[in-house]
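Subject: Structure handover

Hello,

Please find the structure below, with the sequence alongside. My notes on what was found follow it.

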Amino acid sequence: MATAAPPAATKVPLRGVQPLGSHGDGHSFLLRKLHSLSGIVPIGAFLIEHIVSNFEAVNGPLAYAQQVKFLNSLPLVRVLEWAFIFIPLSFHALYGVFIWLRGRSNVNVYPWAGNWGYLMQRITGLIALLYIGQHVWRQRFSGVSLPEHPGAAFAKVQHELSNPWMLAVYVVAMIATCWHFSYGIWLFAAKWGITPGDKARKRFGYVCAGVGTVLCAMGLISIYAFVGPKYQNAPADVMPEQPASVVMPAPVNPVPGSTNPAPSSLQQ
């Protein structure tokens, strides 16, 4: 009598963080490594710098304008802007969307923390992408040009945040971006073998949560500085262009026997 064949083993998704892949994956392996790295350097470094710079808003419009002026006076600032911000950010965002479209969330079947983290990382990444796109356009390429008029920076942001809907967008985007970055640090360390083992990952998770919380708090405090009562109705430009200095006439030889310079008409 024939015996029934044992049922095929069901493949269960592995818990934890999957490795980046192997060299046999070809271009996908390299692109994923670059995508993971670009989220930390230079994008993550720029995010930290951006939040720290914006925190100057708590010191008032003039301090904020001076920070904007300093950043735009850096050598080769436009080259740095494209090489270390716009191009890496575009690559990270577009390849992140590509990974998201090819992936699949299964939190309804396997509601583990790692699966929820995977889903939230994609959602917060999309929120950050949409926010950064409109933010760069509004603050960098439309309206008053801040590189030429840094004194108008505070008033420009304040005017945008006077709209309650835009204020809500900024708050949600700040929380989402900081969460995306802090969890991205944790993923980077796990995938690159920096934190081998569950215990090391758990401990480093607290560090990442702390970093994300501090950055988010600084960002929200900066937003409040623009909309709070302390600096309401900030001047349109705290660094207006000064008129050209008056050129004084060259000194003339005094008239003999006089201690005062002679009028110019006497020298003709």
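**A buried arginine**

Arg201 sits in helix α8 (residues 198-227); helices here are DSSP runs of H or I with at least four residues, numbered from the N terminus. This is a predicted model, in which local features need pLDDT of at least 70 and side-chain atom pairs count only at pLDDT 80 or more, while totals for chains, interfaces and linings use all residues. Residues are numbered from 1 along each chain as its sequence is written, and side-chain values use heavy atoms, with hydrogens and water left out.

Arg201 is buried but has no salt bridge. Buried means under 20% relative accessible area, exposed means over 50%, and partly exposed is in between (1.4 Å probe, protein chains only). A salt bridge is a side-chain nitrogen of Lys or Arg within 4 Å of a carboxyl oxygen of Asp or Glu. The nearest side chain of opposite charge to Arg201 is that of Asp198, 4.1 Å away (Lys and Arg count as positive, Asp and Glu as negative; His and the chain ends are not counted). A polar atom of the Arg201 side chain does lie 3.2 Å from the backbone oxygen of Thr195.

**Salt bridges**

There are 3 salt bridges in the structure. Arg78 and Glu81 form one of them, at 3.7 Å from N to O. The two residues are 3 apart in helix α4 (residues 77-102), so about one helical turn separates Arg78 from Glu81. Arg78 is partly exposed at 30% relative accessible area, whereas Glu81 is buried at 12%.

Glu81 also forms a salt bridge with Arg140, with the closest N and O atoms 3.1 Å apart. That pair links distant parts of the chain, since Glu81 is in α4 and Arg140 is in helix α5 (residues 113-141), 59 residues apart. Arg140 is partly exposed, at 21%.

Glu160 pairs with Arg138, the closest N and O atoms being 4.0 Å apart. Here too distant parts of the chain are linked: Glu160 is in helix α6 (residues 153-161) and Arg138 in α5, 22 residues apart. Glu160 is buried at 7% relative accessibility, and Arg138 is partly exposed at 38%.

**Helix packing**

Of the 9 residues of α6, 8 are buried, so the helix is largely enclosed by the rest of the structure. Among the buried residues are Phe154, Lys156, Gln158 and Glu160. The cover over them includes α3, α5, α7 (164-191) and α8, where contact means heavy atoms within 4.5 Å.

The axes of α2 (residues 43-54) and α3 (residues 61-72) come within 9 Å and cross at roughly 145°. Axes are lines fitted to C-alpha atoms, for helices over the stretch in contact, and angles run from 0 to 180 degrees between N-to-C directions. Glu49, Ser53 and Asn54 in α2 meet Tyr64, Gln67 and Leu71 in α3.

**Backbone points to check**

Most residues other than glycine have a negative phi, and most peptide bonds are trans. A cis peptide bond joins Val41 and Pro42, with omega about 10°; Pro42 lies in the loop between α1 (27-38) and α2. Leu76, in the loop between α3 and α4, has a positive phi near 55° and is exposed at 64% relative accessibility. Asn233, in the segment after α8, also has phi near 55° and is exposed at 71%.

Regards

Note on methods: A polar contact is a pair of N or O atoms within 3.5 Å; within protein, one must be able to donate a hydrogen and the other to accept it, and residues adjacent in sequence count only if both atoms are side-chain atoms.
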